[in-house]
Amino acid sequence: MELQGEEEITLDQSIKEWECAIPLIWANISPHLDRLYYRDGKLWAVAKGERFIRVEQ
């Protein structure tokens, strides 16, 4: 899910728009974009390129 203020683009919306399977969605996300991982609704980690940074709670 990508957040833009109060707006978001969900995985389901991307699958319908791109007409492809989930693995293709993940493979087509540019590697230079940071990836945010959430656990229990809180930011858990950030992936920056090849680096995986765990956020301290």
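1. A salt bridge is a side-chain nitrogen of Lys or Arg within 4 Å of a carboxyl oxygen of Asp or Glu. By this rule the structure has 1 salt bridge: the side chains of Asp34 and Lys48 meet with N to O at 3.0 Å. Asp34 lies in the loop between helix H2 (22-28) and strand E3 (35-39), and Lys48 in strand E4 (residues 42-48), so the pair ties together parts 14 residues apart in sequence. Helices (H or I, at least four residues) and strands (E, at least two) are DSSP runs, numbered from the N terminus.

2. The model is predicted: local features need pLDDT of at least 70, side-chain atom pairs count only at pLDDT 80 or more, and totals for chains, interfaces and linings use all residues. Residues are numbered from 1 along each chain as its sequence is written, and side-chain values use heavy atoms, with hydrogens and water left out.

3. Asp34 is partly exposed at 42% relative accessible area, and Lys48 is partly exposed at 37%. Buried means under 20%, exposed over 50%, and partly exposed in between (1.4 Å probe, protein chains only).

4. There are 2 aromatic pairs. Rings of Phe, Tyr and Trp (its six-membered ring) pair if their centres lie within 6.5 Å; planes under 30 degrees apart count as stacked, over 60 as edge-to-face and the rest as tilted. The ring centres of Tyr37 and Phe52 are 5.8 Å apart and the planes stand at 55 degrees, so this pair is tilted. Tyr37 lies in strand E3 and Phe52 in strand E5 (residues 51-54), so the pair ties together parts 15 residues apart in sequence.

5. Tyr37, Trp44 and Phe52 form one aromatic cluster.
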